[in-house]
Amino acid sequence: MHEKVYDEVVEKLKGAYSQLRIGDPLEQGVLYGPLHTQTSVNLYLNAIKRAQELGGNVIYGGKV
């Protein structure tokens, strides 16, 4: 059953993520600010790498 809705769900998620504002967390409407330490960046990148190793794909963004 989930295979039937995969493409629709992915498109809706991409649309939702494209609306998120990333930047200065003190600005109105910004949801997510920068990662402040190299440790945070490494943890984030390692989580992405692990997800890809398990078969995941980056379908939106992908830039540091």
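## Salt bridges

In this predicted model, the side chains of E53 and R50 form a salt bridge, with an N to O distance of 3.6 Å. Both E53 and R50 belong to helix α2, where they are three residues apart, about one turn of the helix. R50 has a relative accessible area of 45% and is therefore partly exposed, since that class lies between the limits of 20% and 50%.

The structure holds four salt bridges. Another of them joins K14 to E11, at 3.3 Å from N to O. K14 and E11 are both in helix α1, again three residues apart, or about one turn of the helix. The relative accessibility of K14 is 27%, so K14 counts as partly exposed. A further salt bridge links E27 with R21, whose closest N and O atoms are 3.3 Å apart. E27 is partly exposed because its relative accessible area is 41%, and R21 is partly exposed because its relative accessibility is 40%.

## Helix geometry

Helix α1 contains 17 residues, which at 1.5 Å a residue should span 24 Å. The end C-alpha atoms of α1 are 23 Å apart, which agrees with that expectation. Helix α1 also has a kink of about 30 degrees, centred on E8.

Helix α2 contains 16 residues, and at 1.5 Å a residue it should span 22 Å. Just after α2, G55 adopts a positive phi of about 105 degrees.

## The largest pocket

What is the volume of the largest pocket? The value is about 1,000 Å³. There are 27 residues in the lining of the largest pocket, and those closest to its centre are Y44, I48, Y60, G61 and G62. The elements that give two or more residues to this lining are α1 (2-18), β2 (30-32) and α2 (38-53).

Which element provides the largest share of the lining of the largest pocket? That element is α2, which contributes six residues. By class, the lining of the largest pocket comprises 18 nonpolar, seven polar and two charged residues.

## The segment after α2

The C-alpha atoms of G61 and G29 are separated by 19 Å, and the two residues are 32 residues apart along the chain. Y60 and K4 are 56 residues apart in sequence, with a C-alpha to C-alpha distance of 21 Å.

Note on methods:
Residues numbered from 1 in each chain as written. Predicted model: local features only at pLDDT ≥ 70, side-chain atom pairs only at ≥ 80, totals over all residues. Heavy atoms only, no water. 1 Å grid on protein atoms, 1.4 Å probe; cavity = no way out; pocket = protein on both sides within 12 Å on 5 of 7 lines; lining within 4 Å. Points joined across faces, edges and corners; volume = space filled by probe spheres on them. Helix = DSSP H or I, 4+ residues; strand = E, 2+ residues; numbered from the N terminus. Nonpolar A, V, L, I, M, F, W, Y, C, P; charged D, E, K, R; others polar. Expected span 1.5 Å × (residues − 1). Bend = angle between axes of the 7 residues up to and from the residue. Buried < 20%, exposed > 50% of the residue type's maximum accessible area, 1.4 Å probe, protein only.
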